[in-house]
Amino acid sequence: MGDATVPATGRLRAPVFDTVLRPRRALVRSTALSAVCSAVPLVVALVWVTLPMRWWSLVAGFVLLLAVLAGVLFVRLGSAFLGIDEDDVVLHGVVTANRRIPRARVHHLVLVTTQRGTADRPVRTLLAFDADGEHLFRMRGDVWGDAALERVVDVLDVRVDREGRVLPAREVARRWPSSRAWYERRAGIAVAGGAAAALVVGVLAVETIGLLAR
């Protein structure tokens, strides 16, 4: 979601940019509504029917932590932007640190349409690279909007390679491996999978202890 792979800078002030792009407002609203109306009641319902009462203090803390993380994500999504002026391209991402990239370093762009599965809607993606082929930043159309991607192309006015075919996400990762975000790399997937497995094992362990204690 608007990720970059260049070194992070410190806290960015709020300068005036010639061009400022932000995530789609509909995405911000849908994220908030999804968290409030779907995720939280589902977690509470699952906890209510699966865990014994004596574990409620621990579970309440876990649910509170999830709520805080969802709030942080919502705030980051609402404050995210990409700003372009004569000297720099500044990216304030959602799940990545703030980045400042010298505009002169952006050598060429790639516009490609990706699809992760047969049921998913194809998503346009913009990839930026320097003259040595090092990945600088990425913008997804489902987050920023297709018009924002074209706006970046017009403003930066560098070479643009447009891929006419819809490519599977695996093919995009193979052709431009450095463009993958941290959560798309093996380490990120392993951490997410390990956390999910630990949660499942923990719930099963609690259930088993509860059954043996009866």
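Glu134 is partly exposed, with a relative accessible area of 37%. This value, like every other here, comes from a predicted model. Glu134 forms a salt bridge with Arg105, and the N to O distance is 3.2 Å. Arg105 is also partly exposed, at 27% relative accessibility.

Where do the two partners lie? Arg105 sits in the loop between β4 and β5 (108–115). Glu134 sits in the loop between β6 (123–129) and β7 (135–140). The pair therefore ties together parts that are 29 residues apart in sequence.

**Salt bridges**

The whole structure holds 10 salt bridges. Side chains of opposite charge can pair when their charged atoms come close.

| Pair | N to O distance |
|---|---|
| Arg105 and Glu134 | 3.2 Å |
| Arg124 and Glu150 | 2.8 Å |
| Arg159 and Asp161 | 3.1 Å |

In the last pair, Arg159 and Asp161 are the partners. Arg159 is partly exposed, with a relative accessible area of 44%. Asp161 is partly exposed too, with 32%. Elsewhere, shared partners join salt bridges into one network, made of Arg105, Asp130 and Glu134.

The pair of Arg124 and Glu150 meets through its side chains at 2.8 Å, N to O. Which elements does this pair connect? Arg124 belongs to strand β6 and Glu150 to helix α4, so the bridge ties together parts that are 26 residues apart in sequence. Arg124 counts as partly exposed at 23% relative accessibility. Glu150 counts as partly exposed as well, at 23%.

Strands of a sheet pair through backbone hydrogen bonds, either parallel or antiparallel. Here, an open sheet of four strands runs in the order β1-β2-β3-β4, and its pairing is antiparallel. Why is one side of β1 and of β4 left without a neighbour in the sheet? β1 (19–21) and β4 (99–102) stand at the edges, and each has a single partner strand, so one side of each lacks a neighbour there. On average, neighbouring strands of the sheet are turned by 15 degrees against each other, direction ignored.

One pairing can be followed at the residue level. Strand β3 covers residues 88–92 and pairs with β4 in the antiparallel sense, over four bridges. Within this part of the sheet, Leu91 stands opposite Arg99 in β4.

Helix α4 (residues 146–156) packs on the sheet. The helix touches β1, β2 (81–84) and β3. Its direction makes about 160 degrees with that of β1.

**Helix α4 and the residue after it**

Which residues of α4 are buried? They are Ala148, Leu149, Val152, Val153, Val155 and Leu156.

Asp157 follows α4. Asp157 lies in the loop between α4 and β8 (159–168). Its phi is positive, about 55 degrees, although Asp157 is not a glycine. Is Asp157 buried or exposed? Asp157 is exposed, with a relative accessible area of 66%. The cut-off for that class is over 50%.

**Helix α2**

Helix α2 spans residues 56–79 and contains Val72. Val72 counts as partly exposed, at 47% relative accessibility. Leu64, Val68 and Val72 make a nonpolar surface patch of about 270 Å².

Gly78 also has its place in helix α2. Gly78 is partly exposed, at 43% relative accessibility. How far is Gly78 from Arg22? The two are 56 residues apart in sequence, while their C-alpha atoms are 8.3 Å apart in space.

**The chain as a whole**

The protein chain has six helices and eight strands. Along the sequence, their pattern reads β-α-α-β-β-β-β-β-β-α-α-β-α-α. The chain has 214 residues, and 34% of them count as buried.

Contacts across the sequence complete the picture. Among those between residues at least 6 apart, 61% join residues at least 24 apart.

How values were computed:
Residues numbered from 1 in each chain as written. Predicted model: local features only at pLDDT ≥ 70, side-chain atom pairs only at ≥ 80, totals over all residues. Heavy atoms only, no water. Pairing = 2+ DSSP bridges. Helix = DSSP H or I, 4+ residues; strand = E, 2+ residues; numbered from the N terminus. Axes fitted to C-alpha atoms, helices over the stretch in contact; angles between N-to-C directions. Contact = heavy atoms within 4.5 Å. Buried < 20%, exposed > 50% of the residue type's maximum accessible area, 1.4 Å probe, protein only. Patch = residues over 30% accessible without salt bridge, like charges linked within 9 Å, V, L, I, M, F, W, Y side chains within 5 Å. Areas by Shrake-Rupley, 256 points an atom, 1.4 Å probe, with all protein chains shown as cover. Salt bridge = Lys/Arg side-chain N within 4 Å of Asp/Glu carboxyl O.
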